[in-house]
Amino acid sequence: MLGLGATGLKSNFVTLRHPYKLNFAITYWCQSRCVHCNIWQIRPKGELTLDEIREFARKNAYFKWIELTGGEPFLRGDIVEIARAFKENSKGLYILTMPTNSLCNTEMEIGKIKQILELGIPRVAITVSLDGYRELHDRIRGVPGNFDKAMQMFRRLRELRKSYPNLFFVFGYTMIKQNEGQFFRTFEGVKKEIPDIRYNDFHINLGQTSENYYHTSDSSIKVNGSELAAVEIRELLKKREFEIGVIPKIEEIFLRGLAQYAKSGKQPMRSRSMEASLFLDSWGNVYPSIMWNKVVGNIKEADFDLSRIWEGEDAKEVRKAIREGREPVQWTSCEAYQSIIGNVAAFVKVRNTIY
Ligand code: SF4
């Protein structure tokens, strides 16, 4: 069985029989009030049950990288069992990533993360959302005290890491109009709380609109075309410490591409949506990505067998659209990593971009 890296490289040359990355919104419940996302307003009903997710995991046992997102994924009381279902079936599962807004009870959440770590997945990565210094973050997220909860979560993850070397975590900073030009002030705000914080402890994304995921089309939150955002990202690239390894290198390429994307609004390379990855929502609808509002099937209607959707005409049409340059612009961490791994020639081009 090929590992994650080998499968990603293989995707340069052939159409994979299965996706290796699953982006799965396990719930749209969220207790946040973010200005750049309307998920919190949905109050969803009829989401996939644990038994249905288990059936999906059993019939599609080939994922190497899974993102369990939300909403707030830790609002699902069965998140440990969901992770277990994928781990038990996808034997080559190498990395499980989960974001958190830190608004659940911290000790309850740490307890669940600990149980997930004990499943034996080689890398479990948590992204702690943080979009500003104390006042700014709480304003963007609409919840007083959220900044302090995020600091508490980060500190507790550090303690947990002493016992679990398979735990990795970063702050996830989303650049939007409301925090434009405020990244380094945010970094200083965090440094007051966590004096040894490093620039490498931050992962950056650009705020996006997406009708099928964020349920927003208000593009006034976006910083695409912003020289200021591009400058901040380039400054961050200079300040980051050099780290050896494939994942830090891919993160560097991602950031270089993000600076290009921020400035030009253009995607640095074509995506691998419906080749390497897909987006599954909490009702079982399958989309090419979180940014591409085209339902290509529903796993319940396909008897939970993704191959029926993967080989269908709608999925083929998506691949054709990508080949012909007709995909929506997308450069998010959900999509970009597998784009980088699966486009080595474009990877080198972005890597050699001079700033
Ligand atoms: S960005 Fe995340 S935390 Fe904020 S409303 Fe959307 S799902 Fe909730």
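This is a predicted model: local features need pLDDT of at least 70, side-chain atom pairs count only at pLDDT 80 or more; totals for chains, interfaces and linings use all residues.
## Helices α9 and α12

Helix α9 spans residues 246-264 and helix α12 spans residues 333-341; their axes come within 10 Å and cross at roughly 110 degrees. An angle from 65 to 115 degrees counts as roughly perpendicular, so α9 and α12 are roughly perpendicular to each other. The handedness of this crossing is right-handed.

On the α9 side, I250, E251, I253 and F254 make the contact, and they meet S333, A336, Y337, I340 and I341 of α12. By residue class, this contact of α9 with α12 holds seven nonpolar residues, one polar and one charged.

## Helices α3 and α4

The next pair is arranged along another direction. Helix α3 (residues 79-89) packs with helix α4 (residues 106-117) at an angle of about 15 degrees, and the two axes are 9 Å apart. Because angles under 35 degrees count as roughly parallel, α3 and α4 are roughly parallel to each other. Their crossing is right-handed.

Here I79, V80 and A83 of α3 touch K112, Q115 and I116 of α4. Sorted by class, the residues in the contact of α3 with α4 are four nonpolar, one polar and one charged.

## Two buried loop residues

Now for the loops. S289 sits in the loop that links β8 (285-287) and β9 (297-298). Its relative accessibility is 0%, and because buried means under 20%, S289 counts as buried. Leaving aside residues up to four places away in sequence, S289 is in contact with N212, S273, F279, Q330 and E335.

N179 belongs to the loop between β5 (167-175) and α7 (183-193). With a relative accessible area of 1%, N179 is buried by that cut-off too. Its contacts, again without residues up to four places away in sequence, are D131, L136, I140, Y173 and T174.

## Around the ligand

If you are thinking about the ligand, here is its shell: C30, S32, C34, C37, I39, W40, G71, N101 and R141. This shell divides into five nonpolar residues, three polar and one charged.

Definitions and conventions
Residues are numbered from 1 along each chain as its sequence is written. Side-chain values use heavy atoms; hydrogens and water are left out. Axes are lines fitted to C-alpha atoms, for helices over the stretch in contact, and angles run from 0 to 180 degrees between N-to-C directions. Helices (H or I, at least four residues) and strands (E, at least two) are DSSP runs, numbered from the N terminus. Angles under 35 degrees count as roughly parallel, over 145 as roughly antiparallel, 65 to 115 as roughly perpendicular and the rest as oblique. A crossing is left-handed if the near helix is turned anticlockwise from the far one by less than a right angle, and right-handed if clockwise. Contact means heavy atoms within 4.5 Å. Ala, Val, Leu, Ile, Met, Phe, Trp, Tyr, Cys and Pro count as nonpolar, Asp, Glu, Lys and Arg as charged, and the others, Gly among them, as polar. Buried means under 20% relative accessible area, exposed over 50%, partly exposed in between (1.4 Å probe, protein chains only). A residue is near a molecule or strand if one of its heavy atoms lies within 4 Å of it.
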